[in-house]
Amino acid sequence: MSEIEQSKKTRGADEEENTILVFHDEDSIEDMYLTFGVSGEEYGIGISYVTEVVGIQRIMEVPDVPHFIKGVINLRGKVIPVMDVRLRFNMEAVEYNERTVIIVLDINNVLVGLVVDYVSEVLEIPAADVEKPAQLKGTHNENSVIRGYGKRDEQVVMLLNIERLVSDHDIDLGCIVKENQQNK
């Protein structure tokens with residue numbers, strides 16, 4: 001089981017307290033998912049992509065990007081593009097609050113942040129408990145960002161294909177980082 005280290009850290013001049021979760025790679029994390037909420041629904045992403053979870057912080061806007069790309073953050077000297085999952089799913093925008101967090105992911109050596117309403121927990125969902133999305137015309141297809149539905153007791157979690165989520169719509173988040181670094 002993956003070790004999760006949780007620590008509280010005080011940041012910035014406003015002395016706002018943020019929670020940081022740090023995940024360490026171990027042998028058996030394939031069936032582990034970090035679950036989070038967006039608009040009252042539970043989603044999960046493979047824990048192997050997650051590097052940390054940080055509280056909401058200043059997001060610098062970047063021009064000429066899709067509306068769901070909120071901009072970039074400077075996380076300990078690393079410039080990371082940030083996507084608002086709520087907007088990516090064409091849901092109504094809401095103001096960020098104390099539960100809003102940024103999940104920082106490492107996708108093929110590119111760091112990406114996802115803004116979500118809140119983080120729930122880390123669940124182990126074996127492959128046998130994951131159902132493939134229904135093949136309904138016009139809904140789920142081979143390009144769907146939904147990888148499957150994970151079942152755990154009475155709970156169902158939509159498991160995301162994170163690589164598709166950040167590469168769909170002709171998004172190249174790695175280019176956003178490079179362009180932003182060149183403009184400094």
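**Exercise 1. Determine whether R86 and D117 are buried or exposed, and how their side chains meet.**

Step 1. R86 is buried, and D117 is buried too. Buried means under 20% relative accessible area, exposed over 50%, and partly exposed in between (1.4 Å probe, protein chains only).

Step 2. The model is predicted: local features need pLDDT of at least 70, side-chain atom pairs count only at pLDDT 80 or more, and totals for chains, interfaces and linings use all residues. Residues are numbered from 1 along each chain as its sequence is written, and side-chain values use heavy atoms, with hydrogens and water left out.

Step 3. The side chains of R86 and D117 form a salt bridge at 2.6 Å, N to O. A salt bridge is a side-chain nitrogen of Lys or Arg within 4 Å of a carboxyl oxygen of Asp or Glu.

Step 4. R86 sits in helix 1, and D117 in the loop between strand 9 and strand 10 (118-124); the two are 31 residues apart, so the pair links distant parts of the chain. Helices (H or I, at least four residues) and strands (E, at least two) are DSSP runs, numbered from the N terminus.

**Exercise 2. Find the salt bridges of the structure and place their partners.**

Step 1. The structure holds three salt bridges. One of them joins R76 and E52 at 2.4 Å, N to O.

Step 2. R76 lies in the loop between strand 6 (69-75) and strand 7, E52 in strand 5, so the pair ties together parts 24 residues apart in sequence. E52 is buried, at a relative accessible area of 10%.

Step 3. E131 and K151 also meet in a salt bridge, at 3.0 Å, N to O. E131 is in strand 11 (residues 130-131) and K151 in strand 12 (residues 146-152), so parts 20 residues apart in sequence are tied together.

Step 4. Check accessibility. E131 is partly exposed at 44%. K151 is partly exposed at 35%.

**Exercise 3. Which side chain makes a polar contact with the side chain of D84?**

Step 1. D84 lies in strand 7 (residues 78-84). D84 is buried yet has no salt bridge.

Step 2. Look for opposite charge. Lys and Arg count as positive, Asp and Glu as negative; His and the chain ends are not counted. The nearest such side chain, K70, is 5.0 Å away.

Step 3. The partner is Y96: its side chain makes a polar contact with that of D84 at 2.7 Å. A polar contact is a pair of N or O atoms within 3.5 Å; within protein, one must be able to donate a hydrogen and the other to accept it, and residues adjacent in sequence count only if both atoms are side-chain atoms.

**Exercise 4. Which residues have the most contacts inside the largest nonpolar core?**

Step 1. A nonpolar core is a set of buried Ala, Val, Leu, Ile, Met, Phe, Trp, Tyr and Cys residues joined through side-chain atoms within 4.5 Å.

Step 2. The largest has 30 residues, and I45, I103 and L114 have the most contacts inside it. Elements that each supply at least two of its residues include strand 3 (32-38), strand 4 (41-46) and helix 2 (162-167).

Step 3. Another core lies apart from it, with ten residues, among them V54, I56, I73 and V104.

**Exercise 5. How many bridges join strand 5 to strand 8?**

Step 1. Five bridges join strand 5 to strand 8 (residues 101-107), and the strands run antiparallel. Two strands pair if DSSP finds at least two bridges between them.

Step 2. G55 stands opposite V101 in strand 8.

Step 3. Strand 5 (residues 50-55) is mostly covered, with five of its six residues buried.
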